Protein chains: 2
Amino acid sequence: MARAATTTDAFNAIAEPRRRQILNVLARGERPVNDLVHELDLAQPQVSKHLRVLREVGAVEVRGDGRRRVYRLNGEALRPIHDWVKDFEQTWSERFDQLDAVLEDLKKEEDDGQ
Amino acid sequence: MARAATTTDAFNAIAEPRRRQILNVLARGERPVNDLVHELDLAQPQVSKHLRVLREVGAVEVRGDGRRRVYRLNGEALRPIHDWVKDFEQTWSERFDQLDAVLEDLKKEEDDGQ
DNA sequence: TTGACATATTCCGATATAGGAATATATTTG
DNA sequence: CAAATATATTCCTATATCGGAATATGTCAA
């Protein structure tokens, strides 16, 4: 068996850095293909191919505008990634260290009370 | 050119669902390989191979314990993913909708004041 | 030392990529 | 209709995967 297709889910789609770049640009507003080509300094066919992958996993949507195709972000498709990774945040965030400190204090007060 | 190696970075490493599962288990505490084999119902060689990938991107660390090797999570390695994806949260989170509503109200009050 | 147990590595084969180049498919304009 | 513009698709090739099976490495115990 080979690696899962890039179009399998958002996790696979965003493994490619260019596709993350494309999403970053689209986060600032919708763009026709040619704008992306210039903003990212990529060849047009590659941009179209990356957009296809992103469209297949639902991360972008298209709208026709004359001879252009305007792409826009659909952030909702990235939600599973956010949901998965956010549970790991406590292993590095100092917010959780501070919460630990508070809980520690509460425990100590309780013990003193006994 | 082929797809980037799975060991290139955390984004590529976690594209594989089994590796996410492994990290999920390790988030509850360190585990020797065999525990993972049984908790995830995977063949031992595959678990070892996935652990190697995770180790190469820094997502896990090992500790020897007799003839066992105990793996533990290093969540810090997932931080780039969290940081990248969190900027997209506002496109779906209702927290941001509520913030928008507040800003709208403030703007209205300001306009009434003029 | 010889097993037994735990883990890692190697070899295999099918498959899917990513970029480059060329080309196909709209759509607008003269 | 023809030329120009914008985008999508196809063909090519090198490369890296994943699972399964077999095997190698390492460590403990009698």
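Reader: Leaving aside its neighbours within four places in sequence, which residues is Ile14(A) in contact with?

Author: This is a predicted model, and what follows is computed from it. A contact here is a pair of heavy atoms within 4.5 Å. Apart from neighbours within four places in sequence, the contacts of Ile14(A) include residues of chain A and of chain B. They are Arg20(A), Leu23(A), Leu78(A), Ile81(A), Phe11(B) and Trp84(B).

Reader: Where in chain A is Ile14(A) found?

Author: Helix α1 covers 10–13 and helix α2 covers 17–26. Ile14(A) is found in the loop between α1 and α2.

Reader: Is Ile14(A) buried or exposed?

Author: A residue counts as buried when its relative accessible area is under 20%. Ile14(A) has a relative accessible area of 3%, so Ile14(A) is buried.

Reader: What separates the C-alpha atoms of Ile14(A) and Ile81(A)?

Author: Ile81(A) is one of the contacts of Ile14(A). Along the chain the two are 67 residues apart, but the separation of their C-alpha atoms is 9.7 Å.

Reader: In which helix is Asn12(A) found, and what is its relative accessible area?

Author: Asn12(A) belongs to helix α1 of chain A. Asn12(A) is buried, because its relative accessible area is 2%.

Reader: Which residues of chain B is Asn12(A) in contact with?

Author: Neighbours within four places in sequence are again left aside. Within chain A, the contacts of Asn12(A) are Ala4(A), Ala5(A), Thr6(A) and Arg19(A). From chain B they are Arg3(B) and Ala15(B).

Reader: How many residues does the contact take from chain A and from chain B, and which residues in chain A lose the most area?

Author: The contact takes 27 residues from chain A and 27 residues from chain B. In chain A, three residues together make up 28% of what that side buries. Those that lose the most area to chain B are Arg3(A), Trp84(A) and Trp92(A).

Reader: What area do chain A and chain B bury between them?

Author: The size of an interface is often given as the accessible area lost when the parts come together. Here 67% of the buried area is on carbon and sulfur atoms. The total between chain A and chain B is about 2,600 Å².

Reader: What pattern does chain A follow along the sequence?

Author: The secondary structure of chain A comes to six helices and three strands. Read along the sequence, these give α-α-β-α-α-β-β-α-α.

Reader: Is Asp41(A) buried or exposed, and what is its phi?

Author: Asp41(A) lies in the loop between α3 and α4 of chain A. A residue over 50% counts as exposed. At 68% relative accessibility, Asp41(A) is therefore exposed. Its phi is positive, in a residue other than glycine, and is near 55°.

Reader: What is the relative accessible area of Asp41(B)?

Author: Asp41(B) is in the loop between α3 and α4 of chain B. Phi of Asp41(B) is also positive, near 55°. Asp41(B) is exposed, with a relative accessible area of 70%.

Technical notes:
Residues numbered from 1 in each chain as written. Chains lettered and ligands numbered in written order. Predicted model: local features only at pLDDT ≥ 70, side-chain atom pairs only at ≥ 80, totals over all residues. Heavy atoms only, no water. Helix = DSSP H or I, 4+ residues; strand = E, 2+ residues; numbered from the N terminus. Buried area = accessible area lost by both parts, 1.4 Å probe. Buried < 20%, exposed > 50% of the residue type's maximum accessible area, 1.4 Å probe, protein only.
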